[in-house]
Amino acid sequence: MSTLKVNSIIPVAGVPTGGGGGVVQTVQHVKTDTSSFSISSGGTHDDTNFAASITPTSSSSKILIQIMVNHGTSSDQQGAFNLMCNGSVVDAASGDASSNRARITACHRSSQTALTNTISMSFLHSPASTSQQTYNLRWRHNSGSTRTHYINRSHDDNDAEGNGMGPRACSTILLQEVSA
């Protein structure tokens, strides 16, 4: 008996127009440990501890990015992030410009220090490159003070049950190269 192993099968002529893209490769990063960082009022933090990289095989490929992150904070506040690629904000994954308002990818309200918020997002990026693409998040908040942010844990982080529980979670980044 023979075994055939391949990374992907794509017709020589490429995927037919209108037929959707074929998945060329998949990369997954699973973060099970915890991390924390502080952000001053009006500041941002590029979380390079939660990142994933993929190298497209064709400059016409798109990258499907799916992120699920568990985020805790040290106070009641609005938390927000931008999708980053190779150290720059992915403008196409941010809201339209309006006066001096922050252009962000997603946001959430953190109202309890004993809990984490699960935030999911997906975006189809066109890097137009065959160079490595590294994706991560840039965090900010709306507090007038420095605040601590946590990945995969709450601020309280204790063994108590009920409202004082300190959950531990995992966060994931899934990257898929999709042929044009």
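**Close-up 1. D47 and its contacts in the predicted model.** In this predicted model, D47 touches F37, N136, L137, W139 and I151, leaving out residues up to four places away in sequence. D47 itself sits in strand β3. Does this aspartate lie buried or exposed? D47 is buried, yet has no salt bridge.

**Close-up 2. The largest nonpolar core.** Here we turn to a set of 24 residues, the largest nonpolar core. Which of its residues touch the most other members? They are I67, L83 and W139. Two or more core residues come from each of β2 (35-39), β3 (45-54), β4 (62-73), β5 (77-85), β8 (117-125), β9 (133-141) and β11 (171-178). Strand β4 provides the largest share, with 4 residues. As background for this view, nonpolar side chains tend to be buried together in soluble globular proteins.

**Close-up 3. The surroundings of I67.** Setting aside neighbours within four places in sequence, what does I67 contact? Its partners are F50, L83, I119, S120, M121, L137, T172 and I173. One of them, L83, is named with I67 and W139 among the residues that touch the most other members of the core.

**Close-up 4. A128 and its positive phi.** A128 is found in the loop that links β8 and β9. Its phi is positive, at about 50°, although A128 is not a glycine. Most residues other than glycine have a negative phi.

**Close-up 5. N152 and its positive phi.** The loop between β10 (147-151) and β11 holds N152. This residue other than glycine also has a positive phi, near 70°. Is N152 buried or exposed? N152 counts as buried, at 0% relative accessibility.

**Close-up 6. Stepping back to the whole chain.** To place the views above, the protein chain has 11 strands and 0 helices. Buried residues account for 37% of its 180 residues. Of the contacts between residues at least 6 apart in sequence, 81% join residues at least 24 apart. The chain exposes about 9700 Å², and carbon and sulfur atoms supply 45% of that area.

Note on methods:
Residues are numbered from 1 along each chain as its sequence is written. This is a predicted model: local features need pLDDT of at least 70, side-chain atom pairs count only at pLDDT 80 or more; totals for chains, interfaces and linings use all residues. Side-chain values use heavy atoms; hydrogens and water are left out. Buried means under 20% relative accessible area, exposed over 50%, partly exposed in between (1.4 Å probe, protein chains only). Contact means heavy atoms within 4.5 Å. Accessible areas come from the Shrake-Rupley method with a 1.4 Å probe; for residues, only the protein chains shown count as cover. A nonpolar core is a set of buried Ala, Val, Leu, Ile, Met, Phe, Trp, Tyr and Cys residues joined through side-chain atoms within 4.5 Å. Lys and Arg count as positive and Asp and Glu as negative; His and the chain ends are not counted. A salt bridge is a side-chain nitrogen of Lys or Arg within 4 Å of a carboxyl oxygen of Asp or Glu.
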